Amino acid sequence: MSESEQRFGEFVVVRRHEHVAELVLDRPKAMNAVSTEMARSIAAACDALAADRDVRVTVLTSTHERAFCVGADLKERNSFSDAELVRQRPTARAAYTGVLELPMPTVAAVHGFALGGGFELALACDLIVADDTAVVGLPEVSVGVIPGGGGTQLLPRRVGAARAAELVYTARRVEAAEARELGLVDQLVDEARTGALELAARIAANSPVGLRAAKRAMRLGQGLDLRAGLEVEDAAWRSVAFSGDRAEGVAAFNEKRKPQWPGE
C-alpha cells in the first residue's frame with residue numbers, strides 16, 4: 001500500500017493510502033478541541049482534498065487514544081471579546097462546511113469522545129463508523145449556545161426531528177451501543193480507524209466518477225419532492241453516462257476482469 005503524508009498547520013495531517021485519503025485530527029494535548037488555527041487547517045486540508053481527482057474516499061480520524069474530537073476550544077472561546085467571536089465564526093464554519101462539501105464519499109472513524117463540534121464533524125460525513133469506546137452527543141445548550149457546526153440540520157436528517165430534538169435539548173451523551181441503535185452511528189466495529197479504512201477501501205474499488213455523481217445526486221436531492229429529486233438524479237446520470245469510467249466498467253464486466261478506472 002503506497003502511503004504519503006502532508007501536514008496542514010500544526011494540528012491536521014492528510015495521509016494517503018492509494019485512493020483513500022485519511023484526514024487526521026492531531027491536536028492530542030487538547031483532545032482535538034477545535035481552535036481557530038485548527039479550524040483553518042481543517043478547511044485548508046478539505047480544499048486540497050476537494051481539488052484532488054485521485055482521492056476516491058476520505059476518512060476522518062484522530063490520533064488521540066480517548067477522543068475523536070471534543071468540539072470547540074472553549075478555553076480559547078472564553079478569552080474572546082464579542083467582536084472576536086463574531087470575527088471567528090466564518091473560520092469555524094469553513095471547517096465544518098469543508099468536510100460537508102467534500103465531493104467524494106466520506107467516512108468518520110469515531111473512537112472515544114465525539115462531542116459538540118466533534119460530533120458535528122462526524123455528522124458532516126456520509127457514514128460514521130465507531131467502536132465500543134465511542135461516546136457522542138451535542139451538549140451545546142448546556143453551555144448556553146446551540147450546535148452551530150451543522151448539528152441542528154444534520155442530526156434531524158439522520159435520525160428524524162423528534163429524536164434529534166431529544167438529544168439536542170437534553171444535551172446528553174450517548175454511548176456506543178445506544179448510538180448504533182438510534183442511528184447516530186452506522187457501524188460498530190472492533191476498532192474504529194481500522195474498520196473505517198476497510199470500508200473506505202471497499203468503496204474506493206468503485207468508479208470515482210460514479211461515486212462523486214451518486215453523492216451529488218443524494219445530497220442535492222435531499223429535501224426535494226420525488227419528481228424534482230428524480231430530475232437531479234437524471235442530471236447526475238447524464239454526467240456519467242458517457243464517461244470513460246462507464247465505458248471501462250461495462251467492458252470490464254463483459255470481459256470478466258477488474259476495472260481499471262480512468263476516473264473521468
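## Basis of the model

This is a predicted model, in which local features need pLDDT of at least 70 and side-chain atom pairs count only at pLDDT 80 or more, while totals for chains, interfaces and linings use all residues. Residues are numbered from 1 along each chain as its sequence is written, and side-chain values use heavy atoms, with hydrogens and water left out.

## Sheet

Seven strands form an open sheet with mixed pairing, in the order S1-S2-S3-S4-S6-S8-S11. Its edge strands are S1 (3-8) and S11 (187-188), each of which pairs on one side only. Strands (E, at least two residues) and helices (H or I, at least four) are DSSP runs, numbered from the N terminus. Two strands pair if DSSP finds at least two bridges between them.

S1 and S2 (residues 12-17) run antiparallel and are joined by six bridges. Phe-8 stands opposite Val-12 in S2. Three residues lie between the strands of this hairpin, and Gly-9 takes a positive phi near 65° there. S4 (residues 57-62) and S6 (residues 106-110) pair in the parallel sense over three bridges, with Thr-58 opposite Thr-106 in S6.

Most residues other than glycine have a negative phi. Asn-32 is not a glycine, yet has a positive phi of about 65°. Asn-32 lies in the loop between strand S3 (20-25) and helix H1 (36-50). Its relative accessibility is 0%, so Asn-32 counts as buried; the cut-offs are under 20% relative accessible area for buried, over 50% for exposed and in between for partly exposed (1.4 Å probe, protein chains only).

Lys-256, also not a glycine, has a positive phi of about 55°. Lys-256 is found in the segment after helix H11 (244-254) and counts as exposed because its relative accessibility is 76%.

## Helix H3

Ala-95 lies in helix H3 (residues 82-100). With a relative accessible area of 1%, Ala-95 is buried. Not counting residues up to four places away in sequence, Ala-95 touches Ala-39, Ile-42, Ala-43 and Leu-121, contact being heavy atoms within 4.5 Å. The C-alpha atoms of Ala-95 and Ser-79 are separated by 21 Å, with the two residues 16 apart along the chain.

Thr-91 is also placed in H3 and is buried, at a relative accessible area of 17%. Beyond residues up to four places away in sequence, Thr-91 touches Thr-36, Ala-39 and Arg-40.

## Salt bridges

Side chains of opposite charge can pair when their charged atoms come close. A salt bridge is taken as a side-chain nitrogen of Lys or Arg within 4 Å of a carboxyl oxygen of Asp or Glu, and the count by this rule comes to 15. Arg-27 forms one with Asp-73, the closest N and O atoms being 2.9 Å apart. This pair links distant parts of the chain, 46 residues apart: Arg-27 is in the loop between S3 and H1, and Asp-73 is in the loop between strand S5 (67-69) and helix H2 (74-78). Both Arg-27 and Asp-73 are buried. Arg-27 also lies over the face of Phe-11, at 5.0 Å from the ring centre; the rule requires NZ of Lys or CZ of Arg within 6 Å of the ring centre and within 35 degrees of the ring normal.

Asp-126 and Lys-215 form another salt bridge, with the closest N and O atoms 3.0 Å apart. Here too distant parts of the chain are linked, 89 residues apart: Asp-126 is in the loop between helix H4 (117-123) and strand S8 (127-130), and Lys-215 is in helix H9 (residues 208-221). Asp-126 counts as partly exposed at 28% relative accessibility, whereas Lys-215 is buried, with a relative accessible area of 6%. Glu-166 and Arg-172 meet in a salt bridge at 2.7 Å, N to O. A network of salt bridges links Glu-5, Arg-15, Glu-22 and Arg-193.

## A buried charge without a partner

Glu-140 is in the loop between strand S9 (135-137) and helix H5 (151-159). Glu-140 is buried yet has no salt bridge, and the nearest side chain of opposite charge, Arg-77, is 8.2 Å away. Leaving aside neighbours within four places in sequence, Glu-140 is in contact with Gly-116, Gly-117, Glu-120, Val-145, Ile-146 and Pro-147.

Methods. Lys, Arg positive; Asp, Glu negative; His and termini not counted.
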